[in-house]
Amino acid sequence: MELTKNITLGVYLPGETAIHHMDPRTKIIATVILITLLLFVKSYEAYLVFLIFTAAVIIGAGIPLSYALCGLKPMLPVLVLMWVFQLFLYATPDAEVIFSLWILTATDSGLHMGNMITLRVIFLFTVTTILTLTTSIVSLTDGLEILLKPLQKIGLPSQELVMTMVIALRFVLILAEELDKILKAQMARGVAFDRGNFIQKTRKIFPVFLPLFINAFKRAEELIVAMESRSYSGGRGRTKMKTLRMGRVDMAAGGIMILFAALMVFLIVSIPSQI
Amino acid sequence: MPIEVTELSYSYKRGTPFEKKVLHEVSLRIKDGEFVGLIGPTQAGKTTLAQHFNALYTPQQGRIIVNGCDTTDKKADLISLRHDVGYVFQNPDYQLFAPTVGEDIAFGPKQQNLNSTEVESRVRKVMDQVGLDYNSFYKRDIFALSGGQKRRVAIAGVLACKPKTLILDDITAGLDPRGREEILKVIRKLHCEENITIIFISNSMDEVAELAERIIVIDRGRIAFNDSTRLVFKQSAQLKAIGLELPEVMTITDRLSSCGYSFPTTVLNLTEALQAISKNLAEGRVND
């Protein structure tokens, strides 16, 4: 039993591709642009173009396609549920009924809405996963810090904010590892997590979360001690060992992003919404 | 509960770029009533191998048959198998989750749907076995216990399931000498009096030398040695090459023999060492 196998968010996959060597700021900005574009995509054609682009980036970064997608596996039940909800509950006044089931009616507009929203979540997840898979935690922090620095002027503690965010990302994997250990310890004493009815199954979850939270707090406390013992006192006046520098790769990436964004905007505007 | 492992291989995170083969075609047998030491450097695959014995991992390649039950069999009753093969984990913090000592020990038997008097009597018995006083510890808060006490509660919680085989995963790590001695006394008693098969994973060669009848040495996912304790520790050069040390007693007797003492080939514990030294002195082999 391995829980951590399918967790790809927050994992760094070391590599030597152009995407790995890019300045983290370029990658973060590109990710933000892609996410923004996604929020406006409302046609299958545009999604197809987006799919081709994303696939190219995944292959270009040397990430095995199966690995990039396996992070979606744990999310599958949520995705299906979301799709079903849209299918039955969303309907425009002029929608055509596909089929009726008891008091539920599925319409073609609900079907399209379900498809669009599910695709959107899948792509949002994939795009952010590509960022974390190709960017080490250190450069991710550095890049975000610089990008959010202007916000310090309006009193936002950007450095602390970034630190918190990055720690949270790291803890995803750590907590999954701890959960794996706790589940094993309980299975070893005869708990069958897959047996029983819904209520019985739910009741088995509580004894799992107690040690998980306690260990999480313990971890957090250890981290605080480790940071304080090295005199961490927030971002003010800290200098960097490595200064970030944009290079040719970033120029090229910027050019590609502008072209792609233009193409997407064109598609979004010219193709009528299919919802 | 004889355990039969044939050509077992396991890769961690199989199918991802992080795939790492941790067990390579391991074959071994453990008979009833044995006391087996499982040693090897860190990351050698000891824990992964041992967690196959109670079906926490199922083999990716090869087979494991525990008491005639193949763990890859979809219809196998893994729950009762896990009660028969108890596993005490490296870190008790992952194992203990109930608020009080009594509730935590009772957790295993309760999964077996026993009635409350039976659960109660089992809890009493195992607390006595591991040397925890029932009246003063039953209602004690788990998180207020010392490291040694937590280990005892962890062992008691597993014993309460009445295992026939007990896997102990480095349970003396981080304990002070007295805590360690007391835990080992409990283990020895369980093996001798209850005739429980013990699989003892440890990083302390002294403990393994003193307790185990047979030793299995794992190195980078392969079995390096699988023989009686005496014969394994005879291979001092190879053990050192793997990154393991000899028991402290043996290091001392080695030194003494270079000063003119004579010892039998391997000395595994203090009693044997003392006998040999006094024999040497009596024979007048050395001066002082």
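Reply: Some questions and answers on the contact between the chains follow. This is a predicted model, in which local features need pLDDT of at least 70 and side-chain atom pairs count only at pLDDT 80 or more, while totals for chains, interfaces and linings use all residues. Residues are numbered from 1 along each chain as its sequence is written, chains are lettered from A and ligands numbered from 1 in the order in which they are written, and side-chain values use heavy atoms, with hydrogens and water left out.

Me: How many salt bridges are there between chain A and chain B?

Reply: A salt bridge is a side-chain nitrogen of Lys or Arg within 4 Å of a carboxyl oxygen of Asp or Glu. Lys218(A) pairs in this way with Asp93(B), their closest N and O atoms being 3.2 Å apart, and Arg189(A) pairs with Asp104(B) at 2.9 Å, N to O. Between chain A and chain B the count is two.

Me: Is Asp104(B) buried or exposed?

Reply: Buried means under 20% relative accessible area and exposed over 50%, with partly exposed in between (1.4 Å probe, protein chains only). Its partner in the salt bridge, Arg189(A), has a relative accessible area of 1% and is buried. For Asp104(B) the relative accessible area is 0%, so this residue is buried.

Me: Which residue is linked with Lys218(A) and Asp93(B) in a network of salt bridges?

Reply: Asp93(B) and Lys218(A) form a salt bridge with each other. The network that holds these two residues also includes Lys150(B).
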